[in-house]
Amino acid sequence: GCFVFKPRTKKRRLSEKTAHDFGSTSENSEDIELRFVTCQSLWNQIKSETEQIQEDLNKQLLDNLVSFLSRSHSDFQEKTTEWTCRMKFREIPTAALVLGVNVTDHDLTFRGLSDVLQDNVTPYVALLEAKDCPGIKHLMQKLMGQLMNCDIVVDSLEDEDCVQASQNKIRCSMPSLISWYESVTKKTDSETPRKKRNSSSRHWQSPPVVVIFKDMESFTTKVLQDFIVISSQHIHELPLVLIFGIATSPMIIHRLLPHSVSSLLCIELFQSLSCKEHLATIIDKLLLTTRFPFKLGEKVLQVLINIFLYHDFSVQNFIKGFQLCIVEHFFSQPLSVLCCHLVDIKKRVYSLSNDQCENIRRLPSFRSYVEKQESGKQIELLTNDSFLKEETEKLLEDLHVYHENYVSILRCLHVFTSSLPKYPLGKQIRELHCACLENRVWETEEYESSLQLARMLNKTDLVTMLQQCVEILMSSSGKKFDKTVGKLKEFLTQFQNLEEASQERDVSVSSQKELQKKTDLYHLQKTLLEMKESRRSKKLTKFEMLRFEVVDYIDTLVRKYLVPADNRTLHEILYFNTATILRGHLNAAPRTALHTALNNPHWYLKNQALKCDGGGISNKAPDICIVYKLHLECGRLINLVDWLEAFSTVVMAAEEPNGDAVSSDQVDDVIHARFIRAVSELELLGFIKPSKQKTDHVARLTWGGC
Amino acid sequence: MPNLEHPAYPAADLLRLESLVPCRESQVSMLLSIFGERQQFSFPSIFIYGHTSSGKTYVMQTLLTTLQLPHVFVNCVEYFTSRLLLEEILLQLQSCSSGTEQSSPVHCDTLNDFVRLFKQAVTSQELQDQTLYIVLDRAEQLREMEANILPAFLRLQELTDRNVTVILLSEIVWELFRPNVGCFEPFTMYFPDYSIGHLQKILSQNHPPEYSADFYAAYINILLGVFYMVCRDLKELRHLAALNFAKYCEPVVSGEANERDTRKLWKNIEPHLKKAMQTVYLREISSSQWERLQHDGGEPGQLKGLSAHTHVELPYYSKFLLIAAYLASYNPVRTDKRFFLKHHGKIRKTNFMKKHEKTSNHLLGPKPFPLDRLLAILYSIVDNRVAPTANIFSQVSVYLLFYLLLVSG
């Protein structure tokens, strides 16, 4: 079997990645330094942007939590004398924080949370993780260590030595924690007025002590129970607040804690934003914007989204993948030096070297562009560098404009498609985006059916959608949509007029009906039939005409602006589209790789001698490969003696030409040793394990290669 | 009702004690007669057991403090190692006898040290002429400590040769404590559960100052009528009483009914209490949320309890992974070929299921399965081809963390 445990985030290595590392390969080393700098600045922009987004999204949750914390102990302090408070059992205020299964994102949330708490509520925040707390003793140690450390940070100037002395030998029990708390709060009271003002503005008089359990599910029941029981006995002296980080569902609280313990808690539920919404915002702010010149191609985006939806729901991993795309793009594409903001393009284009110009000429999209030009211009483009640069600048500007228009029109189309029944083009804008990038969207069946559905929209929906579209287009930076906006507004006024007209007509219809009221049954039937007939053959109403017109107009917009990026000239410069590299990095298949390495060592070692034909076992392969191949032929239990025999036969095959079939014992010893080593290597890799059923056998843990 | 009488203690103290421990008079008088007079040696160890909130801790504490007997009170859950426990006893001993707060740090790692330090502490203070009581609450924790701790506490009097009595409080019976090798048998004493009458009496004792005792007693009567079936925990009942009293008073405050209008009041409060039983009592919603609801007059239905949030959003493959784990844990291995292979050949229907398999597998619970089988089932139940990537393996480890899957063997 093969488990994969994700590595814990290590201390950030201060690797000064230089431009030198960046372009160590010689073949595409043009403008390396500039590329590196561009890449760095772009990533920094994106990073700060994502952090901002994260902060905004968590704001609601954090605000709720802060107000909960402020409520939790303040109301008790106000009215201690009141009868109800005296009678009531004092529960520990607890926030159950449901964060979803994307564990990798939790760290960031908790970091934000503890920052906010330390800024606004209390300096005493402790973050506990299950792996640090196998027993109550460790938990207390960890807790006290964190709390007292944070105290040192707060007033490090005053009495460092005193705190340090007490830290040497401290009793890990609640009373020492309480006495510490008392001393600390007393100290802040008797501080100098200047400092007091400072601290009291941020924290309250007796700030609560917040203990955060990062991964509630992984804590053992006993540790949690003991801790809660102990702290509930001291809640009067130590204003404790617990925060449970829950990944699955809040039911886990009842499963972990018996009623006698959960009755000591006053649990309130908080739910963080769903990760899908988070991703939608990230895509909206990072990809569907003109702020960043770098763009993702369809396949790459699909890989990233698939990893998100199919595997981990982790927004952090998505952003990491995005970062990888940026680095890979700037690293592998020499022309990515032109992947910059519009203002810099001119300068950069004109400083391109001769080689870079050749690179441009080699781009497939540029070649097809050249082919479409007339012959005179073709020669110019292929021979004259300065002409090429002019042309390139123009084309790049076109590409930027294209993207800008693309985003606006995409949003407009999304307004329409997202309200259609069954969502033929997807509910989320990311699905629509992928569909549009993939190929000409108007040639797909889904687009056809969504247009059909759009032709059946009712008026109010249509009007609101048009209004939304107008808003989107107005807010887009370009001025190219003036005409479009005008047209849409015209539609809107037409709808307005239609309404008035129809009202008038309604009156006439109703009067007509009243005339018919007095006829007998036969006549009534007749007139009804006539009306039905007329309705069927009736020409389209004005509204229907207008609706067709609107839909057709949207269709022309789509055809004009939502051309896939692959069709644009020079798209290789701005769009990153090598999905295979990304997939290899992000969605690795360790087991397959292992099997390939052991089964076909030539794949990795590239040694001609190892190149084997068919299923034969070459004796030149490394020992472990031979042993592995032999073990594939066995059943669940492998006899070690037989295995050794087979191994020695294979290895000896090389020495057979030498003559002696029965070799001396010494050689056998060496082979034996090699065999044992190979077998233990296999055991280390998790393919076999010693079996208890038969002592001279080992058990296979896998079924063949997948 | 036996009045507490003991020649050694002043009558006023005894009277006050009696008022403080309602419904436990017989136990208290029993304890007093065991204790004897201040200077008399008492039984070396007393073991008191009874259900949760049958007043063990409370009675001991009130008894010792009202009569001003020298004592040390330690909760064994709180002092989770023997070292912490022993040091805490010594610390309390220092402070209770000398009265000053100059508790110097003590270091006591073993019981041997403890006996030595204990003798010192007792001789240094004027405690020789009085019995010292050491109360160990939640004594069942002692069993988890070193093997010598419990037997030594039971015969501490003999070991230290001082006038000391150790009282163990626990919720479980003595038989579960007794070590294999035997030990000194303590005097065992049982605190029975409070009956409904006792609960009524105790709860009505603390009525709020604004309202008469009768009014509050009527309220307690209604409360017990609803909750007695599910909860006999005095602490919990008192908490619930305090939480819901405001609602009970509502008609009186608004003037719709007077204090004697019990029927009207009952009609008002009864559905409310029933709702409380389903929500607050189970900690589905917290008591502060409940109070806020009451205050705003909202319906409890608006607030979803903890159990309402059972929905867990999972990535696509994770769902299938859990389904595969479910299938692997309940289906016998033999059936895999039939269920998950396209061309599995014919299987005779008659003896396909063995006899013992006819009983529902769900009654037997999930069975362990190898990881490879889980993955093989996963690959066969997902429609499109699944690459065995690191991401899928890491999902398995994530579910181990969530306790949705467990490593066996």
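Okay, let's start at Arg71(A): with a relative accessibility of 31%, this arginine counts as partly exposed (buried is under 20% relative accessible area, exposed is over 50%, and partly exposed is in between, with a 1.4 Å probe and protein chains only). Glu268(A), on the other hand, counts as buried, at 5%.

Quick housekeeping. This is a predicted model, so local features need pLDDT of at least 70 and side-chain atom pairs count only at pLDDT 80 or more, while totals for chains, interfaces and linings use all residues. Residues are numbered from 1 along each chain as its sequence is written, chains are lettered from A and ligands numbered from 1 in the order in which they are written, and side-chain values use heavy atoms, with hydrogens and water left out.

Back to our two residues. Glu268(A) and Arg71(A) make a salt bridge, with 3.6 Å between the closest N and O atoms (that's a side-chain nitrogen of Lys or Arg within 4 Å of a carboxyl oxygen of Asp or Glu). The glutamate sits in strand E5 of chain A and the arginine in helix H2 of chain A, so this pair ties together distant parts of the chain, 197 residues apart (helices, H or I with at least four residues, and strands, E with at least two, are DSSP runs numbered from the N terminus).

Here's another one. Asp284(A) pairs with Arg411(A), closest N and O atoms 2.7 Å apart. That links helix H12 (residues 275-286) to helix H19 (residues 385-417), across 127 residues of chain A. Both ends are partly exposed: Asp284(A) at 26%, Arg411(A) at 21%. There's also a network of salt bridges joining Asp107(A), Glu129(A) and Lys214(A).

Now, domains. Chain A is assigned domain 1 (29-78 + 85-151 + 206-273), domain 2 (278-500 + 540-576) and domain 3 (590-656 + 666-700), with bounds from an automatic or database assignment. The centres of domains 1 and 2 of chain A, over C-alpha atoms, are 42 Å apart. What joins those two? There are 21 residues of domain 1 in contact with 33 of domain 2 (heavy atoms within 4.5 Å). About 2400 Å² is buried between them, 66% of it on carbon and sulfur atoms (accessible area, 1.4 Å probe, that two parts lose on being put together, summed over both). The rule finds 1 salt bridge across this interface, and Arg291(A) and Glu49(A) form a salt bridge at 2.4 Å, closest N to O. On the domain 1 side, H2 (32-78) and H4 (103-120) each supply at least two residues, and H2(A) gives the most, 13.

And between the chains? Chain A brings 66 residues to the contact and chain B brings 70. The buried area there is about 6000 Å², carbon and sulfur giving 62%. The count is 2 salt bridges; Arg591(A) meets Asp372(B) in a salt bridge at 3.0 Å, N to O. On chain A's side, strand E5 (residues 265-271) gives the most, with 6 residues.

Last, chain B. Its 409 residues are 49% buried, and the chain has 17 helices and 5 strands. Within it, Arg138(B) and Glu140(B) form a salt bridge at 3.3 Å; the arginine is partly exposed at 28% and the glutamate is buried at 13%. Over all chains, the count comes to 29 salt bridges.
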